[in-house]
Amino acid sequence: METQSPPVLSSEATAVPSRLSRFADWTSIQNLCDRTFYHAEQSDIRMSEVRKAIEYIRGRWSDYSTFMQELREYINQLGITDKSSPTDEDRHALESLLSCSKDWADRSPTQSHSFDAIHLYTSEFGYDTIFALLNVAFRTDAFTEKGQERGLRSAVFLIELLNIDLFNYLLLEPSRSGFQGIVYRGVAFTEEEIKKFRNLATLAVRDRYWSIPLAMMSASTSITTALQFALGQAQKDPTKLPFLWRIHVANLDPDLLQIYNDKFPSSVVTTLCAVPLDGVSGFSKEQEVLLRGPWFQFIRLHEEFVHEAGMDMNVMDLVMLNSNRDHPSVAELGVARGDEARKLFALLVGVSRAMKCKNLAHAYGLAMDADEFGRIYDEQVDRLWSIRSGENPGCSCGMWKIVSGARKGIHLLLKRASF
């Protein structure tokens, strides 16, 4: 790639507002491309510990005041107010969160609509001094090492407060629910760092993914917002090139979701994985979409002309689904039934994601990758059928019956599960 100088930016753009850094924040490129942090066994172990903390907190919600006091002590231990020189407004926002009483609005209809956690996240102070630190910890083993149980619990509790705000906001503003579309993140990398991303494209299609349980990522529906930080950083450091993430967000196909709802009607499925915040943030022009605990499927890294930047750039295309079961109703299913629900939902998500990836790979002219995604899709469908027909001895009787209830048309249903 021939290195091109970024276009000359206005004085407003070259200032690169530091609050925009969350649209590019990431741990080192080495950690991103280290599969042990985001993939396979290590990620599973980390998620298992996180899940235990979530279950502990949700199962003891009556101990809310204790969890809040632990969170206050944890934040004090970080020395946030000493290191960052927060404004009076920042201090008020933090104290408001640490003094609030929150619950899921579908369980406590009298909940207020203060959204303190969202406001803290979208503030420069809140993100840089609290949420950015948690993101780093959730991407490593910092919270899952022995002796860190209380720190993990406090971190998970804070994320739970943010989850509640997001859920209650979507319940209050249903038009914001079910977001799907394209969002962007912009960052500046050296050529050597970009090569490490290119290595992802050399992996087998099935291995081109990573997940970051509980971590928060900011993206924008505005490519200009995403590019402002990337171009500004590249202009300040000539060794770096602007790099754009183009994230394709899709929902679980409604008919596939119906299969899950028919079997587990009490289990609430949310769209908390991608929530537009422009209606609640104090910075609506940023057109922010908060990506929560994203699971990304890598499609391609491509060099193309980006009109808004006026130059050729490396653009990475990723796919994620905005459907999950992160809600207290999951725990109420019990261990055995909850495991059945988790397995079924994972299969249905796998079907939707594989079809979305197949269509996108085909649109980009990646015929071999599209064929492989097609095979993954077929395998997911076959697994549903094997559960229905009892071919999988590891499934319980309940799981054996899941698909058989929709036997007459399920294959046709799955065949048209597209976006």
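Predicted model: local features only at pLDDT ≥ 70, side-chain atom pairs only at ≥ 80, totals over all residues.
Let me start with a pair of strands. Strand β1, residues 181–190, runs antiparallel to strand β4, residues 240–250, and the pairing covers 10 bridges. To pick out one of those positions, Ile182 has His248 as its bridge partner in β4. Is β1 mostly covered or mostly open? Mostly covered: 7 of its 10 residues are buried. As a general point, side chains in a regular strand alternate between the two faces of the sheet.

Next, a helix. Helix α5 takes in residues 64–78, which is 15 residues.

Now, which residues of α5 are buried? They are Tyr64, Phe67, Met68, Glu70, Leu71, Tyr74 and Ile75. If you look down the axis of α5, these buried residues fall within an arc of 160°, so they line one face of the helix. On the face turned away from that buried side, α5 carries the exposed residues Ser65, Asn76 and Gln77.

Last, the chain as a whole. There are 17 helices and 8 strands. The chain has 419 residues, and 54% of them count as buried. Take the contacts between residues at least 6 apart in sequence: 79% of these join residues at least 24 apart. As for the surface, the chain exposes about 18,500 Å², and carbon and sulfur atoms supply 50% of that area.

That is the end of my part.

Methods: Residues numbered from 1 in each chain as written. Heavy atoms only, no water. Helix = DSSP H or I, 4+ residues; strand = E, 2+ residues; numbered from the N terminus. Expected span 1.5 Å × (residues − 1). Buried < 20%, exposed > 50% of the residue type's maximum accessible area, 1.4 Å probe, protein only. Arc of directions from axis to C-beta. Pairing = 2+ DSSP bridges. Contact = heavy atoms within 4.5 Å. Areas by Shrake-Rupley, 256 points an atom, 1.4 Å probe, with all protein chains shown as cover.
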